[in-house]
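Please keep the viewer open as you read.

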Amino acid sequence: MSGLYVEALIDVDLDVLWERTQDPARHQSWDLRFTSISYLPRAEGAPQRFRYATRLLPFLWVAGTGVSAGERQRPDGTRVSALRFASAHPLSLLREGSGYWRYVPGPDGIRFLTGYDYRPRWGSWGRCLDRLVFRPLMGWATAWSFDRLRLWCERGTHPRVSLARALAECGLRLALVLLVLAASPVAPLLLGLVAAVLAVLLPPLPGTPAARRCLRTPPGRARAPRLLATLELS
């Protein structure tokens, strides 16, 4: 099973992008995969340990812990951060995993990219569920979140506003499909199906986050940074 890869080109100052991805309060504001992220106390020079949580239902949270480290100054002008994470919650399909972020400045902006993978729990049933549902959903959520971050950096659109626009646009597309179904006296199901396909395939508005704007396959061989090998969860 292959790991997940997502890349976005973001035209913003590198320090701004670093802050909005490394500060936990700012990170959780744009990343759809997390509801809260909080750093734990650490000794000077030690990797940063953290807690994360995702709200599945109003009163149901799935939490986990992790450790991360970053390299802000590299000889080639790039930056990198790496992390390992795990969840002991019985309802978390994700048992443990690891990943990295790379920041690669270029003439048209910063290539902000991630590669990560994880081990699911629940045995063969969990692996099947992960392959068919959870892994595609995680890939989509990562890409959608990266484009949400891009809109924040390039257009100044706060992540809360981006989410509201996305929900409004989805509601409008659904309403148009229902309107076609209600207004078609002949073959309403066929016309409704055509309308539904168009609603899915038509590109979103420029100010609405979209996973399709991100690269989902690495242009070359994707390698994890050496920094990742230095991290241990326990």
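Predicted model: local features only at pLDDT ≥ 70, side-chain atom pairs only at ≥ 80, totals over all residues.

1. Residues are numbered from 1 along each chain as its sequence is written, and side-chain values use heavy atoms, with hydrogens and water left out.

2. The sulfur of cysteine 170 lies 16 Å from that of cysteine 214, which is too far for a bond; a disulfide is a pair of cysteine sulfur atoms within 2.5 Å. Cysteine 214 is in no disulfide either, as its nearest cysteine sulfur, in cysteine 153, is 12 Å away. The count of disulfides by this rule is zero.

3. Are these two cysteines buried or exposed? Cysteine 170 counts as exposed at 52% relative accessibility, whereas cysteine 214 counts as buried at 9%. (Buried means under 20% relative accessible area, exposed over 50%, and partly exposed in between, with a 1.4 Å probe and protein chains only.)

4. Cys170 also turns up in the second largest pocket, where Trp140, Trp144, Ala166 and Pro209 join Cys170 as the lining residues nearest the centre. Here a pocket is an open set of points on a 1 Å grid over the protein atoms alone, with protein on both sides within 12 Å along at least five of seven lines; lining residues have an atom within 4 Å of a point. Helix 4 gives the largest share of this lining, six residues. By class, the lining has 14 nonpolar, one polar and three charged residues.

5. The largest pocket is lined by 44 residues, and Asp31, Leu32, Arg33, Phe34 and Thr54 lie nearest its centre. Its lining is made up of 25 nonpolar, 14 polar and five charged residues.

6. Next, have a look at serine 92, in the loop between strand 5 (79-86) and strand 6 (94-106). Serine 92 is buried, with a relative accessible area of 7%. Beyond neighbours within four places in sequence, serine 92 is in contact (heavy atoms within 4.5 Å) with Val62, Ser87, Arg121 and Trp122. The C-alpha atoms of serine 92 and glycine 64 are 8.9 Å apart, though 28 residues separate them along the chain.

Technical notes. 1 Å grid on protein atoms, 1.4 Å probe; cavity = no way out; pocket = protein on both sides within 12 Å on 5 of 7 lines; lining within 4 Å. Nonpolar A, V, L, I, M, F, W, Y, C, P; charged D, E, K, R; others polar. Helix = DSSP H or I, 4+ residues; strand = E, 2+ residues; numbered from the N terminus.
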